[in-house]
Structures are given as C-alpha cells and as structure tokens.
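Here is a short report on the secondary structure and packing of a protein model.

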Amino acid sequence: MQQGTWTIRPCPHRTSSLLAQQLGISEITASVLVRRGYSDPEDAKAFLDGEQPLHDPFLLGDMHAAVERVRAAIAAGSRICVHGDYDADGICATALAVLVLREAGADVEWHLPSRFEEGYGVSAATLERLADEGCGLVITVDCGITAVREVAEARMRGLDVIVTDHHRPGDELPDCPIVATRPSTYPFPELCGTGVVYKLGQALLGADADALRRHLDLVGVATIADVVPLVGENRSLAIAGLRALARTQKPGLQALMKVARVDPAAVDAGAVGFRLAPRINAAGRLGHPGAALELLLTNERDEARVLADKLEDLNRDRQAVEERILRAAIDQIEGWPDAKRRRHAYVVWGEDWHEGVIGIVASRLVERYNRPVVLIAGTDALWKGSGRSIPSFDLHGALGACAQLLERFGGHRAAAGLSIVPEFVDAFADAFAAEAEGVLSEDDLAPSTLVDAVLPRGTKLTLDLCAELRRLAPFGLGNPQVTLLAPACEVGDLATVGEGKHLRFRVRRDGFDAGSAIAFGQGGQFDRLRRIGRYDVAFRLEENHWNGTVAPQLVVRRVFDANDRFDELYAWLRSQWAAEHRDATAERIFGELEVEAGGTRRHPLESETFRALLGEPEQLPVAA
C-alpha cells in the first residue's frame with residue numbers, strides 16, 4: 001500500500017473562529033465546515049440541522065405536462081406501467097412510483113428489465129408488448145433519457161410515455177414529457193432516480209402530502225445507495241429518509257434490516273450503503289430484480305421474510321463470485337508487462353466472468369490501483385463492461401472518445417457501462433489507455449488523502465468531539481467522512497488482528513496517549529510501523545463500543561512518515577514569533593495561520609508556506 005500524500009484546503013481562520021463562537025462548536029468542526037463551503041453561520045446551521053429547503057417540483061423539466069398526462073390517464077381509467085431499472089435506485093424508484101400512483105388512484109403495474117435478457121434501459125420489444133397488452137401510459141424511472149427511437153416507436157403504436165431520469169442525455173431527446181435533472185434549469189441537478197420520482201410525487205400529491213412522507217424511507221435508501229452527492233436537497237432527503245427508515249412500517253424493509261443485522265434505531269448511511277443496498281442490488285446482479293421490488297411493496301410479513309431470506313442468499317452468492325473475479329483480475333494485472341502496468345487506465349476482461357458483479361470489482365480495483373478501470377465480462381453475444389473512475393477523469397467522456405469501438409455505452413463521469421464486440425476489446429483497451437494518458441498526470445495517479453483539519457498540539461480527542469463531527473453526517477459523495485491529521489505521532493502496542501489483515505495500535509502525541517487506533521486492511525504495514533519513528537496519522541474519529549464501554553477511536557486512513565525537518569523549522573518559527581524583526585517568510589506563515597497573541601492555537605502544517613519549506617530544506621531559514 002502506497003503512502004501517497006495528503007493535502008488540505010485553505011481556511012480563513014478568523015472566519016472559522018467566528019463561526020465556532022456563533023454556533024457554539026469547536027474550532028476543529030468550524031474549520032471543517034468552512035473548508036467545505038459553509039462559512040456563513042446561517043448556511044452552516046442549516047447544513048448541520050439538515051434543513052436545506054426542497055425546491056419547487058414544477059421547476060424540474062416538463063413537470064406540468066407530465067402531471068397533466070398522468071392525471072388524464074387516471075381520469076380515463078388507462079393502465080399505467082412504471083418501467084424501472086435493476087439497481088437499488090431503479091428498484092426503489094419503481095416502488096415509490098407505484099405507491100405514489102396508487103395514492104393518486106391509478107391502475108398501475110410495473111416492469112423491471114433483466115440485466116441478462118433485456119440489459120440496461122428501455123427496450124423497444126418491452127414497449128411493443130405493453131402497447132399490445134393495452135397499457136395506456138408508460139412512466140420510465142431511473143432510465144429512458146436516451147430512448148429516442150424506442151419512445152418514437154411506442155408513440156406510433158399509440159402508447160404514451162413520460163421519461164423520468166437523472167442520467168446524462170444524448171444529443172437528441174425522446175419526444176415526450178421529460179422530468180429529468182438534465183437538461184433542466186432545476187436548482188439542484190444531482191438527484192438520484194428515486195429523488196426525481198419523489199419530485200413527481202410532490203407535484204401529483206402536494207409537496208407536504210403525508211402519503212408521500214411515509215415513503216421517504218425509499219428515497220433515503222436510494223439516495224445513499226446511488227452515490228449521488230449528499231449535499232443540498234439530497235442531504236435533506238437522506239436525513240429525512242434515514243429517520244423514516246428507523247421507524248418504517250414497511251414489512252419488507254423491516255425484514256431486510258433483520259437479515260442484514262441492522263438495528264433500525266441506529267441505521268445510518270453506512271448501514272444503508274454497505275448492508276441494505278448490496279442486498280437489494282443482489283437480486284438484479286445474480287437473478288431478477290423483481291424479488292427486491294416485491295419485497296419493498298409487500299404488506300405481508302410472511303412474504304417479506306421469505307423474500308428477505310432470498311436476497312440474503314443471493315448476496316452471499318454475490319460476495320463469493322465477486323471475490324473470485326477480483327482475485328482473477330488482480331492476477332491478470334500483476335502478470336502484465338511493466339509497460340502495460342504503467343498505463344494510466346486499465347481494461348481487464350474474462351470470458352467466464354459474471355456481468356452482474358463487474359461494477360463492484362471495478363470499484364475495488366480503482367481503490368487498489370488508483371486509476372480508471374473498465375472490467376469486461378464475456379457473454380453469449382456482445383460482451384458487457386462496467387467502469388469506475390477517479391475524481392480527475394471523466395469516464396463517460398473517455399468512453400465517448402472510444403465510441404467507434406463500442407456498440408453502446410452510458411452512465412456518468414464516475415461510473416459507466418458499455419457493450420462491445422469481443423474482437424474489439426484489445427483495441428478498446430489501447431484506445432482507453434491512450435485517452436487516459438492524455439488527461440492524467442503521474443500526480444493524478446498517486447494516492448492523495450484530503451485532510452479536513454490538522455490537530456493543534458494539546459488537542460484532546462473526546463466523545464464530545466465525536467458527537468460534534470457526527471452532526472455532519474450522513475457522509476458520502478460530496479460530503480465525505482471527516483479526516484483529521486495528528487502530526488508527529490508515535491505508535492505503540494502494535495499488533496495485527498483479523499488474521500493479519502488489520503492493524504491495532506495506540507497513538508502517542510507530544511508525550512501523551514492520544515487513544516486507540518484501528519487500521520483496516522493495512523496489516524501489510526506492520527513491519528514499517530514497528531520501526532522507531534514519528535508518523536503523521538490521517539484518521540476518522542469514531543465512537544468504539546466495547547464490553548459496555550464507549551471510547552473515542554482513531555479509524556486510520558493512512559499513516560505517513562513525518563518530515564524529519566519539522567522540529568527544526570518549528571523551532572525557527574517559534575523564535576520568529578518572539579523576534580523584534582520577523583523574517584518575511586515567517587510573517588507569511590503567521591498571516592496564513594491568522595495567529596495572534598492570546599488567540600486560538602493552530603498547527604503550522606495548516607500553512608501552505610510552512611509545508612513548502614518542509615519540502616525544500618535547502619531554503620530553510622537559519623534561526624539566530
């Protein structure tokens with residue numbers, strides 16, 4: 001595991017001090033908020049309270065036309081079909097749309113495509129079948145924005161279509177009412193598919209309808225599962241959704257939490273993202289997504305238990321298949337010639353790989369190799385691929401540059417899927433790598449840990465600080481878990497746990513015990529950390545519940561070697577503080593830290609100039 005580097009955003013410290021005073025919070029939490037863009041006290045309070053306003057649903061796309069069309073179909077007694085997708089967002093969006101339409105008095109049915117038979121999106125054959133069966137209106141959820149030809153053919157057959165979606169559109173749009181985040185002038189374009197359906201529900205039933213509020217549990221699950229930015233309207237929906245999930249009356253969600261060993265009273269974004277969502281997704285990855293949808297819609301507890309057990313079995317199978325493919329992919333990469341391993345983006349494939357899990361494996365390979373990865377699984381006809389990216393690389397754009405080698409592709413900047421003729425896979429791998437070479441630098445490929453705050457000397461890691469930082473939850477894309485940096489630490493009582501996979505140790509700082517630490521997946525660092533030295537520890541501060549006690553614990557992200565010149569430079573800086581005539585460089589450091597006599601203590605590593613001096617020892621000023 002590479003150490004990589006750490007970075008930190010600038011912070012106007014007087015602003016953070018004022019924010020701390022006005023909100024009654026610590027300087028550390030205030031500096032985190034300021035660095036994340038919440039320097040205004042009212043904005044910061046609204047963020048902490050999860051009270052960002054929900055926007056007018058009629059600002060979203062063709063909402064007026066869509067509502068008129070739905071109401072006309074209901075009034076005419078036409079059958080409405082909700083056409084969803086096979087992932088957690090698509091399944092939750094389908095469930096929510098069905099429930100909302102039932103509340104509105106509609107005659108409603110649903111259709112979810114099989115990943116293995118229809119594939120992603122809206123199929124012309126499905127719309128043809130629905131038209132022949134007498135369906136009057138199809139509402140797509142979490143899909144449809146690129147179904148130009150399919151919608152045109154459906155309308156020729158007399159089938160009305162409304163598209164609701166949040167994916168990136170193509171150059172041409174379907175000729176029907178479109179309720180989508182793009183293209184749209186809606187103030188917050190980062191909703192997931194279920195979030196878009198919730199806005200349709202607000203427009204149909206009323207923004208504050210109790211019937212709609214009962215289904216916020218589905219919105220919360222989908223918003224977290226689909227990895228959309230947990231800021232703005234999404235943050236409000238996720239917080240309200242988690243509260244609704246904690247007291248949900250849906251037998252399916254209750255049964256799902258039970259098999260996943262999730263305590264409803266303590267459910268959080270982590271429980272949704274790592275325990276509930278994978279089980280919902282397992283249905284579409286290894287079987288048919290209908291089982292998960294039936295679980296969310298059922299009112300029968302016995303049926304819910306049976307369906308939850310089925311998802312649990314599928315998820316267990318998914319984990320086994322995923323591990324097998326991951327090992328095979330790593331072996332393949334490690335066996336490549338050096339020149340191929342130095343590529344800035346990887347394409348890895350296997351003829352016998354299961355297409356239902358390649359997206360998860362691609363994510364794990366991105367974490368391991370810190371570069372974009374596309375994984376391709378062999379199938380009977382076209383091969384299917386799934387890609388994941390790093391923040392500095394537009395995966396969807398790169399696939400567009402390689403479009404001449406692909407049969408089909410779609411998705412987002414960070415995640416995308418594709419279909420390809422097997423004979424073109426080698427050429428695609430070369431073209432995709434070449435595209436990445438032109439965009440990504442070596443620095444982009446080096447692991448970098450973004451730090452939210454550097455702990456001043458003497459800072460105590462307390463349960464109160466844990467609770468305060470937890471107010472920034474739910475964490476996810478756009479609002480990651482808070483990473484603190486404890487500089488110049490010593491490591492003691494080092495031991496491996498979990499069959500050597502993880503490390504446990506105690507952290508000492510400035511001669512005092514700073515707490516217990518756990519470093520998941522870093523067992524390979526044991527020998528390095530055994531040596532006597534000092535380390536800069538990047539970590540999340542969390543509560544550790546053990547044997548009836550609760551204590552703060554450092555959940556370690558990375559351990560960096562501390563700079564050997566720190567003490568020398570720090571001594572010089574302290575001498576400059578007391579000097580009658582200060583060096584210009586020292587003045588710049590004090591200005592960046594905004595320190596003043598009797599004011600708040602700040603660690604010099606928060607100064608960009610100080611960090612630059614550490615990297616250039618030959619320019620280090622000499623203390624008088």
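Strand E14 (residues 484-497) pairs with strand E17 (residues 535-546) in the antiparallel sense, over four bridges. Strands pair here if DSSP finds at least two bridges between them. Helices (H or I, at least four residues) and strands (E, at least two) are DSSP runs, numbered from the N terminus. Leu485 stands opposite Ala538 in E17.

E17 also pairs with strand E18 (residues 549-561), again antiparallel, over 12 bridges. Glu542 has Gln553 of E18 as its bridge partner. Two residues lie between the strands in the hairpin of E17 and E18, where Asn547 takes a positive phi near 55 degrees.

## Basis of the model

This is a predicted model: local features need pLDDT of at least 70, side-chain atom pairs count only at pLDDT 80 or more, and totals for chains, interfaces and linings use all residues. Residues are numbered from 1 along each chain as its sequence is written, and side-chain values use heavy atoms, with hydrogens and water left out.

## The parallel sheet

Five strands form an open sheet in the order E3-E2-E4-E5-E6, with parallel pairing. Strand E3 (107-111) and strand E6 (178-180) are the edge strands, each pairing on one side only. Neighbouring strands are turned by 20 degrees against each other on average, direction ignored. Axes are lines fitted to C-alpha atoms, for helices over the stretch in contact, and angles run from 0 to 180 degrees between N-to-C directions.

Strand E2 (residues 79-83) runs parallel to E3 and is joined to E3 by five bridges. Cys81 has Glu109 of E3 as its bridge partner. Helix H6 (residues 124-132) packs on this sheet and touches E2, E3 and strand E4 (137-141). The direction of H6 makes about 150 degrees with that of E3. Contact means heavy atoms within 4.5 Å.

## The mixed sheet

A further open sheet of five strands has the order E7-E8-E9-E11-E10, with mixed pairing. Its edges are strand E7 (346-350) and strand E10 (408-411), each pairing on one side only. The twist averages 15 degrees from one strand to the next.

Strand E8 (residues 373-377) and strand E9 (residues 383-388) are antiparallel and share five bridges. Val374 stands opposite Gly387 in E9. Helix H17 (residues 358-369) packs on the sheet against E7, E8 and E9, its direction at about 40 degrees to that of E9. Helix H19 (residues 425-437) touches E7, E8, E9 and strand E11 (415-420), its direction at about 160 degrees to that of E7.

## Crossing of H12 and H15

The axes of helix H12 (residues 251-259) and helix H15 (residues 301-334) come within 8 Å and cross at roughly 45 degrees. That makes H12 oblique to H15; angles under 35 degrees count as roughly parallel, over 145 as roughly antiparallel, 65 to 115 as roughly perpendicular and the rest as oblique.

H12 makes the contact through Pro251, Gly252, Gln254, Ala255, Leu256 and Val259. H15 contributes Arg301, Ala304, Arg305, Ala308, Asp309, Leu311 and Glu312.

## Overall dimensions

The protein has 25 helices and 18 strands. Its radius of gyration is 27 Å, close to the 25 Å that the globule rule gives for 624 residues, so the protein is as compact as a globular protein of that length. The radius is taken over C-alpha atoms, and the rule is 2.2 Å times the number of residues to the power 0.38. Along its principal axes the C-alpha trace spans about 90 × 55 × 50 Å.
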